[in-house]
Amino acid sequence: MAIMEIITVNPTSKCFSRSFFASLTVLVACLIIFSAVVHGGYDVETVLKKMEAAYDEVKDYQTEVEVTIYNKDGSFKTEKSLYTFKKPKWIRLDLVSSHPRMILVYPDRNGKVLMRLPGLLPVFTFHLMLDDPLLETPSGQRIDQTDLGLLIKNIRHSLTDQRRGPVSISEGKDTIQIQVLANDHFRERVETTYQFLISKELWLPVEVGRSTPIGVQEGRIIFRNLRINLNVPDSLFQ
């Protein structure tokens, strides 16, 4: 092997220097690759391609979303909603907790967010800009940035060009979990440790965890009962 051959060379020669650094570069590259391999046979790129291929086949989906935000004092708040999506990019949230029976639809006819409060009168309907403070979230994520298609793109960025630390990947019976330190998806100049949980049945993300680089938990999103290709009618988004 190359490393064994180097040991027999005069360490003061230029040939040794070139061979040593070339071999060291290969060794480091191999270690990086091996660190991202799952014992079950899935590596990062394979998982990414499987998610992208699975999402290409999705026409619409519906899921029960559970969002938990953790405060610095250790307390937390959880909100639940029914999330419906239809390609190319129609979104509806039926809030279950926090503001029960409130409905958010994006986009309306003018590209805004329709907010419908409980009640039948038009006075309970509002049309808001995407960056309206009423729609602000702790993560900085807008309603038009909530679909699985964008999440999968962001996961790819987190594992490639926006990666800022090692990748940890493990395989369970039904899921694959990936952890990585990367640029935050929605906050500029912030690094976040992400935990992505991917279903091996659907090959789609079913959970995203966020924590600081030193391990302080910030938030978690769980997609429960994720169902795809339900033939959701257009009228649901009107």
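User: How many nonpolar, polar and charged residues are in the lining of the second largest pocket?
Analyst: This is a predicted model. In it, the lining of the second largest pocket has 5 nonpolar, 3 polar and 4 charged residues.
User: Which residues line the second largest pocket?
Analyst: Trp90, Val105, Pro107, Asp108, Arg109, Asn110, Leu114, Arg116, His127, Asp234, Phe237 and Gln238. The space in this pocket is about 260 Å³.
User: And what volume does the largest pocket have?
Analyst: About 1100 Å³. Its lining takes in 43 residues, with Val67, Glu79, Leu93, Thr137 and Gln141 nearest the centre.
User: Which elements give two or more residues to that lining?
Analyst: Strands S1 (60–70), S2 (76–86), S3 (90–95), S10 (205–211) and S11 (217–228), along with H4. S2 supplies the largest share, 5 residues.
User: How does the lining of the largest pocket divide by class?
Analyst: Into 21 nonpolar, 13 polar and 9 charged residues.
User: Switching to H4. What span should its 12 residues have, and how far apart are the end C-alpha atoms?
Analyst: H4 covers residues 148–159, so at 1.5 Å a residue it should span 16 Å. The end C-alpha atoms are 16 Å apart, which agrees.
User: Which residues of H4 are buried?
Analyst: Leu148, Gly149, Leu151, Ile152, Asn154, Ile155, Ser158 and Leu159.
User: What reaches the backbone nitrogen of glycine 149 at the start of H4?
Analyst: A side-chain oxygen of aspartate 147, which comes to within 3.2 Å of that nitrogen.

How values were computed:
Residues numbered from 1 in each chain as written. Predicted model: local features only at pLDDT ≥ 70, side-chain atom pairs only at ≥ 80, totals over all residues. Heavy atoms only, no water. Helix = DSSP H or I, 4+ residues; strand = E, 2+ residues; numbered from the N terminus. Expected span 1.5 Å × (residues − 1). Buried < 20%, exposed > 50% of the residue type's maximum accessible area, 1.4 Å probe, protein only. Polar contact = N/O pair within 3.5 Å; in protein donor to acceptor, adjacent residues only side chain to side chain. 1 Å grid on protein atoms, 1.4 Å probe; cavity = no way out; pocket = protein on both sides within 12 Å on 5 of 7 lines; lining within 4 Å. Points joined across faces, edges and corners; volume = space filled by probe spheres on them. Nonpolar A, V, L, I, M, F, W, Y, C, P; charged D, E, K, R; others polar.
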